[in-house]
Amino acid sequence: MISEKDFIASNYTISIENGSFEWSAPSNIALVKYWGKKEHQIPANPSISFTLNHCKTITKLTFSQKQKEEDFSFDLLFEGKPKEDFKPKIQKFFERIFEYCPYLKDFHFTIDTQNTFPHSSGIASSASGMAALAMNIMSLEKMLNPGISENYFYQKASFLARLGSGSACRSVKGNVVVWGQERERTGEANHAEISESSNLFGVEFSSVHENFKEYQDTILLVDKGEKQVSSTVGHDLMFGHPYAERRFEQAHVNLSEIKSILENGDVENFVKIVESEALTLHAMMMTSMPYFILMKPNTLEIINKIWKFRAETQIPVCFTLDAGANVHVLYPKKNQQEVLQFIKGELVAYCQNGQYICDEIGKGSQLIMDN
Ligand code: PMV
């Protein structure tokens, strides 16, 4: 089994003076949610997500060799302008990954980053942002050690991204990604199911049924304000939470079920697990101490409208939520026309300034420029 130690860079040489890379990395939306973690960004339960396609971060990393010093040296630009308030997060990220990327102190970096979705839209940019930076760092590592395999490249990129923001490890590669060690299950023929899932990085789930290919995600921006509860605070709320252990159990069961559903194309049961997971995540927040309600009245209006529409049309459209008030509306590509008409006619009225973003399943990070 792979351990942290396998990700410590070795056999590299500081052979280059300068250069730059550019990568994009998408956001992702969890179907089975990660909420609660152990030390070193190890999830309390496994999760699975759809990778998005249009909501992404594009990051250019420029580097030039410098004298090895005690501290990291980097400038940070957001949308072309220096952004001092993002620097502590990057500094902390570099500190966390230095053990695995000791070459980071041999270079000065300029990190030039932008998002394709509006800033402070309530869509977290930490997953896409950390993944895009991790991809660039791995491109640098590959230059210093051309011998690393493609598999190692992506696994370590996800491993590094995870140390920046847990869910970021699911934004590296694949349409559907599982993160977190699953329990060994005994299959029907009494064979233990073989699972490659890991607490250390995201693993692509590739046996996805035709029904889920090109799945659509329309994100309704109900509340674009600052997050009421940061993920760090949120995960901590699961310590000493009265329902924590039961919830972690449930996530294991839901993950195992949704994997079968994704394989066999059962959209009806997909709807049930996805919506239950979203409401459970929010139930955890309502029942923690301190407690929070992150849904807004319009979130509930939208949920009720979706339920009514689904009952009337039999179209398997469903919702999911992150740790906020925005609603992700998930549906098959073949129902796009009717669902978009429904969204425009009945749901947009509940969005702040009528704003929503049309996205769909995507395949992960992409290299834009390499020189
Ligand atoms: O990656 P973090 O620490 O920002 O946590 C993300 C938590 C949720 O978005 C609520 C759930 C998930 O699995 O993405």
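Student: Is the crossing of helix 1 and helix 3 right-handed or left-handed?

Tutor: The crossing of helix 1 and helix 3 is right-handed. Keep in mind that the model is predicted.

Start with the geometry. Helix 1 covers residues 87-97, and its axis lies 9 Å from the axis of helix 3. The angle at which helix 1 and helix 3 pack is about 130°. Angles of 65 to 115 degrees count as roughly perpendicular and those over 145 as roughly antiparallel.

Now the residues. On the side of helix 1, the contact is made by F93, R96 and I97. Helix 3 brings L160, L163 and G164 to it. Sorted by class, the contact of helix 1 with helix 3 has 4 nonpolar residues, 1 polar and 1 charged.

Helix 3 also packs against helix 2. Helix 2 runs over residues 126-144 and helix 3 over residues 150-164. The axes of helix 2 and helix 3 are 8 Å apart, and the angle is about 135°. That angle makes helix 2 oblique to helix 3. Here too the crossing is right-handed, with helix 2 passing helix 3. Helix 2 takes part through residues including M130, A134, M138 and K142. Among the residues they meet in helix 3 are Y152, F153, K156 and L160. G164 of helix 3 is also in this list, and L160 and G164 belong to the contact with helix 1 as well. The residues of the contact of helix 2 with helix 3 divide into 12 nonpolar, 2 polar and 3 charged.

A further pair gives another kind of arrangement. The axes of helix 6 and helix 7 come within 14 Å and cross at roughly 170°. This makes helix 6 roughly antiparallel to helix 7, because angles over 145 degrees are put in that class. V271, E275 and L279 of helix 6 make the contact with I306, W307 and R310 of helix 7. By class, this contact has 4 nonpolar and 2 charged residues, and no polar ones.

The loop between helix 6 (267-286) and helix 7 (297-313) holds P290. A cis peptide bond joins M289 and P290, with omega at about 0°. Most peptide bonds are trans.

Another loop, between strand 5 (73-78) and strand 6 (81-82), holds E79. Phi of E79 is near 50°, a positive value in a residue other than glycine.

Last, the ligand. There are 13 residues around the ligand, and Y34, S167, R170, S231 and H235 come nearest. S167 has a polar side-chain atom 2.6 Å from an oxygen atom of the ligand. For R170, a polar side-chain atom lies 2.7 Å from an oxygen atom of the ligand. In Y34 the atom concerned is a backbone N or O, 2.9 Å from an oxygen atom of the ligand.

Note on methods. Residues numbered from 1 in each chain as written. Predicted model: local features only at pLDDT ≥ 70, side-chain atom pairs only at ≥ 80, totals over all residues. Heavy atoms only, no water. Axes fitted to C-alpha atoms, helices over the stretch in contact; angles between N-to-C directions. Helix = DSSP H or I, 4+ residues; strand = E, 2+ residues; numbered from the N terminus. Parallel < 35°, antiparallel > 145°, perpendicular 65-115°, else oblique. Left-handed = near helix turned anticlockwise from the far one by under 90°. Contact = heavy atoms within 4.5 Å. Nonpolar A, V, L, I, M, F, W, Y, C, P; charged D, E, K, R; others polar. Near = heavy atom within 4 Å. Polar contact = N/O pair within 3.5 Å; in protein donor to acceptor, adjacent residues only side chain to side chain.
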